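Thanks, everyone; please bring up the sequence and the structure on your screens, and I will walk through the ligand site and then the pocket around it.

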Amino acid sequence: MRIGIFGGTFDPVHNGHLEIAEKVWQWFSLDRLYFMPAAQSPHKRRQPEAPAWDRFAMLVLATQPYAAFYVSTLELARGGVSYTIDTIRELRHRMGEKTALYFIMGADAFQGITQWKEYDQLLRLMNLVVIPRPGYSLRAEGLPEEMRARVRAFVPERDRVEEQGLHIYFCSGIHNATSATAIRAALRRGEAIAHLVPSEAAAYIEKYRLYREGSTT
Ligand code: ATP
């Protein structure tokens, strides 16, 4: 089994997340892909703006059309600061040693990877799939030697996923400038966001008046 894990705050889920999930699922022949909303990200100074249940509901609505996409409640149920190492250990325990895990992240998140709790242990438990993000460079220089040796450039259609070992795949083939911060700012200004967010999530944001002054939820 090959399982994808896509961690984030998803505040809200947006078209960039969906494009990444669709492509990585296909390129890496994943059996399932779990979106893993964090209760509280260790990397972000402030709390998510929308409550956990709204972020979860939007993800469920947005992923429902995809048979292989699931939303995990693991980090929300655990509560507190969501450290990926705790989550991956739990998944390893549940899924066994034979399941290959592919953790998906953007280049912005990868820039801080050596600050993640027990990152060296973490990278012994899973593969990383790193997606370019406008404004952030994807470079192996500066990484600890042990990590650098595991970096693979991954060009879709050209490269294959390696069956043996754990790797850090630097993907090309996605250039998506969508960001949740920009979407929240647009909503505060009263601007339309329908082109940036999956339609089911956009309807939920509208109905429950999320990310606006005087929100009713
Ligand atoms: P915010 O603007 O609130 O920080 P975000 O748009 O980065 O949110 P997150 O939920 O924090 O969304 O993202 C989850 C993961 O998806 C992170 O690893 C992030 O790097 C990645 N990601 C989000 N949007 C993109 C994008 N447009 N291109 C590449 N990676 C992305």
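This is a predicted model: local features need pLDDT of at least 70, side-chain atom pairs count only at pLDDT 80 or more; totals for chains, interfaces and linings use all residues.

**The ligand and its pocket**

A polar side-chain atom of H14 lies 2.9 Å from an oxygen atom of the ligand, which I count as a polar contact, meaning a pair of N or O atoms within 3.5 Å. Residues are numbered from 1 along each chain as its sequence is written, and side-chain values use heavy atoms, with hydrogens and water left out.

For K44, an N or O atom of the side chain is 2.5 Å from an oxygen atom of the ligand, and for T181 a polar side-chain atom lies 2.4 Å from a ligand oxygen. Taken alone, the ligand exposes 600 Å², and the protein buries 92% of that, with areas from the Shrake-Rupley method and a 1.4 Å probe.

The ligand is surrounded by 22 residues, each with a heavy atom within 4 Å of it, and the closest are K44, D108, R133, N176 and T181. By class, this shell holds eight nonpolar, 10 polar and four charged residues, with Gly counted as polar.

Where does the ligand sit? The ligand sits in the largest pocket, whose space is about 990 Å³. Of the 44 residues lining that pocket, the closest to its centre are G8, K44, D108, A109 and R133.

Notes
A polar contact is a pair of N or O atoms within 3.5 Å; within protein, one must be able to donate a hydrogen and the other to accept it, and residues adjacent in sequence count only if both atoms are side-chain atoms. On a 1 Å grid over the protein atoms alone, a cavity is a set of points where a 1.4 Å probe fits but cannot get out, and a pocket is an open set with protein on both sides within 12 Å along at least five of seven lines; lining residues have an atom within 4 Å of a point. A molecule sits in a cavity or pocket if more than half of its atoms lie within 2 Å of its grid points. Grid points are joined across faces, edges and corners, and a volume is the space filled by probe spheres set on the points.
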